[in-house]
Amino acid sequence: MSQRCIVFLISDTGGGHRSAALAISSAIQLLQERAASNGDSGRVERSEAEATADARPGQGNGADAGAESGAREAGPQLKLEIVEAFEECGAFPLRQFARLYGPASRYTPGLYGLIFHLSNHPGRINEVQHFLSPLMLKGLERRLSELRPDVIVSVHPLLNYVTVAALRHLARPVPFLVVVTDLISAHHSWFTEGATAYVVPTEETRQLYLARGLDPERVHLLGMPIHPRFTLPVASREELRAQLGLEPERPVVLLVGGGEGSGGLRTAVEAISQARLPVQLLVVTGRNRRLYTQLQREQRKWQVPAKIMGFVTNMPELMHASDVIVTKAGPGTICEALSCNLPIILSGYVPGQEEGNVTFVERNGVGVLAREPHQLVRALQELLEPGSTLLQQRIESARRLSRPQAAFDIARLILSYLPPPGQPGPWEERQAVTQVATAKVKGR
């Protein structure tokens, strides 16, 4: 039997899409490895604790967005392929357009948010798709023909329409799943008609799907995929703090800027230092080497003890060692923090795209938005004062809301769409029909 292939379609417009693909593919890999070790390559039955008992450390992100790409083997009969669709399949000027996401969301967030809201409408998104699709359709068809996937998974809203069109042109019955990675404010383009199944992280996004009038049998509320590392047991908080060289009793504030180290880290650190809060800081700058160097140089002036880190691979340990996280409103980092029962203070958000994530955090009682320095200081004071009932309330809310096994649930759904053992895949069916017809002709 030929090797099965699952293709993940992503775009590196922000780190969250690749992180989601890596989380799901890692879960698939772990499930397949356990199935193979049990001598049953046809079934994947395994608890999350068992699946991650031998998990290997993977890429971190400064908020856990991995840099891993390309093909990954998940057992002798399954290959996992992550395709950066705009880069690998897009024609000029689409590749350049995609590269504008980072600068646009960072330097002109108001304009980015305006574009998000203006395009978040059925008629307008159709216009956008009619513009984008011709720049990618042929390239995507070519890439899919090369990879011959048995299942396709999209984790980016702007790739769904063109994927449905490509499969229609190729006339291949490949199951196509869409995994939504926005917690509440999911853009209309996520729910392009024609996908085999849709995975949503919250009830709010499920209601948006249903409002489109799409088949309710095709939507699955499974949560936001985070890396399987977040389901592994860790050492106690005391042991983790000792390993990290932290004071055992002083509250720990984890400040994370995302994969590129954005999100007002320097301003947040300065505000905490000037207020002389009785805390210690873990500061993660991600890939922003310039910010890392700058903070290292300024650290001697701070009024609070701090440890500065760049790109990290031990985010679960850092979160479990902390009392609160300060981060921008990326959905992946929010759900990672929830899996560690960690209260959240949001330092900012991308307008449009991440506005719903702020609502999600505040509505569920796990954190607040504090965009201004004085708001951040006040939020930390309220949360970390001795005997704070607010801290315990937010820890309990995070524990109630957390779905750390979501990647495994999504992985099982994806694997259920693979052709049964011994059956031809979507790219083999035509070949099988041709062989049967040829045999009949020869037998006359």
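A residue is called buried here when its relative accessible area is under 20%. With that in hand, let us look at some views of this predicted model.

View 1. Welcome to the overall picture. Of the 444 residues, 55% count as buried. The accessible surface comes to about 19,400 Å², and carbon and sulfur atoms hold 51% of that surface. Contacts also tell us how the chain comes together: among those between residues at least 6 apart in sequence, 69% join residues at least 24 apart.

**View 2. Helix 13, residues 289-298, with its buried and exposed residues.** Start with Leu 291, Tyr 292, Leu 295 and Glu 298, the buried residues of this helix. Looking down the axis of helix 13, you would find them within an arc of 135 degrees, so they line one face of the helix.

**View 3. The neighbours of helix 13.** What do the buried residues of helix 13 pack against? Their partners are helix 12 (265-274), strand 9 (280-284) and strand 10 (306-309).

**View 4. Phe 191 and Tyr 198, a tilted aromatic pair.** Searching the whole structure turns up 3 aromatic pairs. In the pair of Phe 191 and Tyr 198, the ring centres are 6.5 Å apart and the planes meet at 55 degrees, so the pair is tilted. Are these two residues buried or exposed? Phe 191 is buried, with a relative accessible area of 2%, and Tyr 198 is buried with a value of 2% as well.

**View 5. Tyr 198 and Tyr 209, a pair that links distant parts of the chain.** Tyr 198 also forms a tilted aromatic pair with Tyr 209, at 5.0 Å centre to centre and 55 degrees between the planes. Tyr 198 sits in strand 6 (residues 197-200), while Tyr 209 belongs to helix 10 (residues 203-211), and the two are 11 residues apart. Both tyrosines, Tyr 198 and Tyr 209, are buried.

**View 6. The aromatic cluster of Phe 191, Tyr 198 and Tyr 209.** Ring pairs link Phe 191, Tyr 198 and Tyr 209 into a cluster. Tyr 198 takes part in the pair with Phe 191 and in the pair with Tyr 209.

How values were computed
Residues are numbered from 1 along each chain as its sequence is written. This is a predicted model: local features need pLDDT of at least 70, side-chain atom pairs count only at pLDDT 80 or more; totals for chains, interfaces and linings use all residues. Side-chain values use heavy atoms; hydrogens and water are left out. Buried means under 20% relative accessible area, exposed over 50%, partly exposed in between (1.4 Å probe, protein chains only). Helices (H or I, at least four residues) and strands (E, at least two) are DSSP runs, numbered from the N terminus. The arc is that of the directions from the helix axis to the C-beta atoms. Contact means heavy atoms within 4.5 Å. Accessible areas come from the Shrake-Rupley method with a 1.4 Å probe; for residues, only the protein chains shown count as cover. Rings of Phe, Tyr and Trp (its six-membered ring) pair if their centres lie within 6.5 Å; planes under 30 degrees apart count as stacked, over 60 as edge-to-face and the rest as tilted.
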